[in-house]
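Try each task before you read its solution.

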Amino acid sequence: MEDNDPRASGRGRRASTRRSSTTRLFTRAFIALGIAELCYFTATGVAIFALPLYVTGPIGGDEAWAGFAFGVFALSALVLRPLAGRLADAIGRLPLLLGGAMIAAVSLALLGVADDLATVIALRLLAGVAEAAFFVAGFAALADLAPEERLGEALSYNSLGLYLGIALGPPLGEALVANGGYPLAWTGAAALAGLSAALALLVGETREKAPPADAERHLIHRPALPIALGFLASLVAMGGFLAFASLHSTRVGLENASLALFVYGAVVVACRIAFAKVPDRLPSLALGAAALTTIGIGLVFVATWPSPAGLLIGAGVTAVGVAFSTPAFFAAIFATASPAERGVASGTASAAIDLGLGIGPIVLGIVADVAGIPWAFGVGAAIAGAGALWTLTLRRRQTAAARATE
């Protein structure tokens with residue numbers, strides 16, 4: 001790996017404190033964590049498909065309200081991510097994994113009896129509480145379990161749970177709605193979230209030891225903030241696509257409304273498996289910039305080619321970019337953190353997810369309501385392009401700093 005790899009800045013202090021007794025990756029705890037996340041995010045995938053249609057159908061809202069209901073969970077999650085990160089370092093990962101999954105189950109089950117926008121939005125805010133706890137603890141646990149030299153690979157494999165969930169959840173949601181209506185879909189999603197809580201017990205506590213009592217306590221991991229901005233751009237673009245893919249499918253005449261989301265998730269999963277070791281072999285920020293560029297190209301296809309073929313091809317290209325964006329940016333962020341800071345670093349990094357998946361659907365939902373869904377995808381492509389330029393700027397700065405110290 002190059003000396004100017006952005007991960008190098010944190011390698012020295014991590015090496016002295018990180019667990020180094022084994023390079024084995026596929027331990028029982030690692031596998032259990034991945035399956036727990038698969039269950040959790042399959043439940044999320046059901047909501048990705050069902051929620052926009054639920055809001056614009058039985059609830060009686062429009063596209064703007066659908067985008068707001070989809071993304072509003074990120075508001076509560078964003079507020080609580082930093083606190084979740086600090087708690088993950090202070091009391092451990094397991095309590096947050098269990099609590100987050102159980103809260104998610106409750107919020108999903110109650111959607112089955114919601115009959116107005118106010119209730120739906122309140123339950124989505126509760127889902128944000130679950131998201132903050134489960135997601136932050138999950139990534140912190142992953143960093144605990146992964147050997148240092150295989151962190152990028154571990155991120156690639158671990159995120160299969162997220163993207164398999166996004167791939168499998170929408171078809172499952174469509175089948176549940178077709179056979180039992182929206183109440184059955186929400187009940188099925190709640191059961192999956194409950195199963196993820198049970199599986200978290202097999203993961204156990206991964207934190208090696210509590211931080212010393214006199215350790216500095218921060219809610220934000222400041223070295224990660226510039227990197228998180230690039231990550232945020234990818235998530236705003238991705239959030240807009242996820243929120244409006246099912247609606248756009250019906251508008252362009254795609255017979256199976258969940259197919260585009262399935263293609264998206266399946267391509268991400270295939271790339272994560274086939275290229276799992278790539279994030280450990282390439283400079284993280286360079287890979288992140290390339291991923292953002294690819295996301296933007298995919299969204300341009302979707303925006304300018306309003307047909308089933310354009311949507312499916314664009315979804316696949318967008319997915320290729322997303323496949324590399326999360327491992328690249330998380331590897332760069334964790335490189336700036338010591339073991340005692342992994343929870344806070346995870347909270348800071350995943351706050352970008354809340355902002356992206358919240359701001360993306362809400363802002364692009366307004367664009368869709370005013371100018372149409374294709375314009376929303378076009379704005380998402382422009383945001384991804386701006387993020388690529390910012391990430392390349394960070395990469396050049398780090399390269400220049402590395403050369404200056406030689």
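Two residues are in contact when they have heavy atoms within 4.5 Å. Keep in mind that this is a predicted model.

**Exercise 1.** Find what share of the contacts between residues at least 6 apart in sequence join residues at least 24 apart.

*Solution.* Start with the elements: the chain has 14 helices and zero strands. Next, take the contacts between residues at least 6 apart in sequence; 87% of these join residues at least 24 apart. Finally, look at burial: 59% of the 406 residues count as buried.

**Exercise 2.** Describe how helix H2 and helix H9 pack.

*Solution.* Two packed helices are described by the angle and the distance between their axes. For H2 (residues 28–56) and H9 (residues 225–251), the angle is about 65 degrees and the axes lie 9 Å apart. The handedness comes next: this crossing of H2 and H9 is right-handed. To see who makes the contact, pick out Ile 48, Phe 49, Pro 52, Leu 53 and Thr 56 on H2, then Leu 242, Ala 243, Ser 246 and Leu 247 on H9.

**Exercise 3.** Is Leu 110 buried, partly exposed or exposed?

*Solution.* First locate Leu 110, which sits in helix H5 (residues 94–111). Then recall the cut-offs: buried means under 20% relative accessible area, and exposed means over 50%. Leu 110 has 40% relative accessibility, so Leu 110 counts as partly exposed. For the whole chain, the accessible surface is about 14,900 Å², with 68% belonging to carbon and sulfur atoms.

Notes: Residues numbered from 1 in each chain as written. Predicted model: local features only at pLDDT ≥ 70, side-chain atom pairs only at ≥ 80, totals over all residues. Heavy atoms only, no water. Helix = DSSP H or I, 4+ residues; strand = E, 2+ residues; numbered from the N terminus. Buried < 20%, exposed > 50% of the residue type's maximum accessible area, 1.4 Å probe, protein only. Areas by Shrake-Rupley, 256 points an atom, 1.4 Å probe, with all protein chains shown as cover. Axes fitted to C-alpha atoms, helices over the stretch in contact; angles between N-to-C directions. Left-handed = near helix turned anticlockwise from the far one by under 90°.
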